[in-house]
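I opened the model today and kept notes as I went. The entries follow in the order of looking.

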Amino acid sequence: MANYLKAIDSEWFKPRLSMSVLIVAVVFTVILVRLFYLQIVEGESYRALSENNSIRVQEIVAQRGLIFDKRGELLVENRPSFDLVMIPKDAKPVDVTLGKLSRYLNLPEEELRARVENSKGKPAFKPVVLKQDINRDLVAAVEVNQYDLPGVFIDVSIRRQYMGRLGACHLIGYLGEVDPEELKKGKLLGIKQGDMVGKSGVEKTYDPILRGERGGRQVEVNASGQIRRVLNKIDPVPGYNLVLTIDYRVQKQAELALSDVTGAAVALDPQNGNILAIASSPAFDQNMFVVGLTRDQWKALISNPSHPMTNKAVQGEYPPASTYKIITAIAGLEEGVINENTMFYCPGHYVFGKRVYRCWKNEGHGYLAVEDAIAQSCDVFFYQVGQRLGVDRIAKYAMKFGLGSSTGVELDHESRGLIPTSEWKKKRFGVPWQSGETLSIAIGQGYNVTTPIQLAVMIAAVANEGIRYKPKFIKGIETPEGKIIDQPKAEILERFSLNKHNLEIVKAGLWKVVNSQRGTAWRSKIEGIDMCGKTGTAQVVGRKKGEAERSEKTRPAHYRPHAWFVAYAPAQDPKIAVAVIVEHGEHGSSAAAPIAKEMIKTYLLEPEEGSSLINADIKNDRISEEKKDNV
């Protein structure tokens, strides 16, 4: 019986044992297959994922190159910035961490949450900047509560610092975060989303040179995302420094003088085309862009009727007014329609056809030759010169001096202006040129449109007797250690020959403008410096018949004429050429000439003398001699 029971037990147990062995074998097979898949097939992927959990690569932004003026004055530098940063992967639960952060730092939780929401779609281990450029109190609050804020840390970055509040803002420009549209174009090599790039001016034109090359480091972090140690590091390469051609003393003087008006000023070295100053008013504070403008701040800038973001020195287009009489005088002498002894009588008006063309001086100038006609800006004299020349011959000389075409300056959106010809009018309007239109053209009105930088190039070419240079603003490019690697040379756009005697006649007239008591800018005479110049008053709207000049005061400000002045000095050895426009300033003699005067004094006098000049002198000059200018 016992043997029988053993036999039954054996038969019952054997199949079950076999089944158990089979199940165990299958389980181990599945485990082995899974291990093979995880370690061999997907091994690299999971290894990288594992390393990302503990080892991360952090970028190190390169220090941007510095910018100096021609005398070594630091215009743009870099400064440390403390940014509040969070890594969402390490900050879980994110909502709780944000709530604590809001309480500890007294910051709106909605603002912090919006930053995180905007980063969705990025890897969770990528840092999100919650707030830029925080103060030291907030930095201390984060450090004190670091144990309770997983995934939150302070990142020290480099920010741009513009030394002058409005210092050459339109020339130097500013930085901003790269736009997605810019990235799509593929022209910004080495740039990624979130990078800061030049948006205008020198910062944009020379961005690749200033930017440098980013570095990086490999760090090991703990479960809270805090760095335990640096495993490897590649140092960034700083950008090159730029030395500009501008003289910041002259730049500051121009900006000071323009601070309460709308307009622009340009100063050039007539011997090489170097820009000594370029100012546009109103200006803007570049440092506002460093951490980003609010929507209200940006709206205020772009809705300002005076357009502070527009560089009026190269983009503003205005009738050249009587500064254009320099061109008409040179054309008349060169073409032989007048000479130094040609006299015209000015009774205060000129009748041509059925229309009466008036002179700015109602009682007239009497008999004048070209030298005194320039000095006193007699409209009637130049009406008659223009009538004898015709529009096309005047235009030929205007174009030689660079009017009606871009100067080539390396700044965005330079305007071309317009110098009309008979052919242009036929194409534009489909009607022939009328002789009476030439009279307006001859005194810089009508279809004539120029920019301040064009008129600066023009007066510089008069000063150097026929060389038109391309304006440039880079004196040199240096390594971070100060070693010069490039010095751009002067570029001549056109060299044209003028009869020396004819040019001396015009120059004598320009000297009288400032240094003769009958000259339209004699109040701006500089003791010890022979300055030559020409005033201009560009009408915005025409006057009604019989309307007196004094009625300009009763017009709305935006209907009043623009004020021009172009000048160079010293007369015998020109070192600076200047063009100034004051929008709706009415008279070049009282609004624009004093600004040019102070710029020239600042440049040519010793620094301690030049730096003591104040805006009060300019305002005092504006209130006198208003009738000593053309209309």
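**Entry 1: burial and overall make-up**

I began with burial. Of the 631 residues in the protein, 49% are buried. I call a residue buried under 20% relative accessible area, exposed over 50%, and partly exposed in between, using a 1.4 Å probe and protein chains only.

I note for the record that this is a predicted model, in which local features need pLDDT of at least 70, side-chain atom pairs count only at pLDDT 80 or more, and totals for chains, interfaces and linings use all residues. Residues are numbered from 1 along each chain as its sequence is written, and side-chain values use heavy atoms, with hydrogens and water left out.

I then looked up the secondary structure. The protein has 23 helices and 23 strands. These are DSSP runs numbered from the N terminus: helices are H or I with at least four residues, strands are E with at least two.

Next came contacts, meaning heavy atoms within 4.5 Å. Among contacts with a separation of 6 or more, 71% join residues 24 or more positions apart.

**Entry 2: surface**

The protein exposes about 30700 Å². Carbon and sulfur atoms supply 53% of that.

Which residues make the nonpolar surface patch of about 1000 Å²? They are Met19, Leu22, Ile23, Val24, Val26, Val27, Phe28, Val30, Ile31, Leu32 and Leu35. A patch takes residues with over 30% relative accessible area and no salt bridge; like charges are joined within 9 Å, and nonpolar side chains (Val, Leu, Ile, Met, Phe, Trp, Tyr) within 5 Å. I checked Met19 on its own. Met19 sits in helix α1 (residues 2–41). Its relative accessible area is 48%, so Met19 counts as partly exposed.

**Entry 3: cavities**

A cavity is a set of points on a 1 Å grid over the protein atoms alone, where a 1.4 Å probe fits but cannot get out; lining residues have an atom within 4 Å of a point. Grid points are joined across faces, edges and corners, and the volume is the space filled by probe spheres set on the points.

I found three cavities of 30 Å³ or more. The largest cavity holds about 60 Å³. Its lining is Leu268, Asp269, Pro270, Gly273, Val457, Ala460, Ala461, Asn464, Ile467, Arg468, Tyr469 and Pro471. Helix α19 (452–463) and strand β17 (467–469) are the elements that give two or more residues to that lining.

**Entry 4: salt bridges**

I counted a salt bridge when a side-chain nitrogen of Lys or Arg lies within 4 Å of a carboxyl oxygen of Asp or Glu. The count comes to 29.

Lys100 and Asp148 pair at 2.9 Å, N to O. Lys100 is in helix α3 (residues 94–105) and Asp148 in the loop between α5 (136–144) and β5 (152–162), so the bridge ties together parts 48 residues apart in sequence. Lys100 is partly exposed at 21%, whereas Asp148 is buried at 18%.

Glu109 bridges to Arg113, with the closest N and O atoms 2.2 Å apart. Both are in helix α4 (residues 109–118), four residues apart, which is about one helical turn. An α-helix has 3.6 residues a turn, so residues three or four places apart point the same way. Glu109 is partly exposed at 25%, and Arg113 is partly exposed at 26%.

Lys396 bridges to Glu335, with the closest N and O atoms 3.0 Å apart. Lys396 lies in helix α16 (residues 391–400) and Glu335 in the loop between α13 (325–334) and β13 (344–346), so the pair ties together parts 61 residues apart in sequence. Lys396 is partly exposed at 40%. Glu335 is partly exposed at 24%.

I also logged a salt-bridge network linking Arg64, Arg160, Glu203, Asp207 and Arg211.

**Entry 5: an enclosed helix and a buried loop residue**

Why is helix α15 (residues 379–389) described as largely enclosed by the rest of the structure? Nine of its eleven residues are buried. Among them are Phe381, Phe382 and Tyr383. Gly390 follows α15 and has a positive phi, near 85°.

Last, I looked up Val178, in the loop between β6 (175–177) and α7 (180–185). Val178 is buried, with a relative accessible area of 2%. Leaving aside neighbours within four places in sequence, its contacts include Leu183, Leu188, Ile191 and Lys199.

Notes
Areas by Shrake-Rupley, 256 points an atom, 1.4 Å probe, with all protein chains shown as cover. 1 Å grid on protein atoms, 1.4 Å probe; cavity = no way out; pocket = protein on both sides within 12 Å on 5 of 7 lines; lining within 4 Å.
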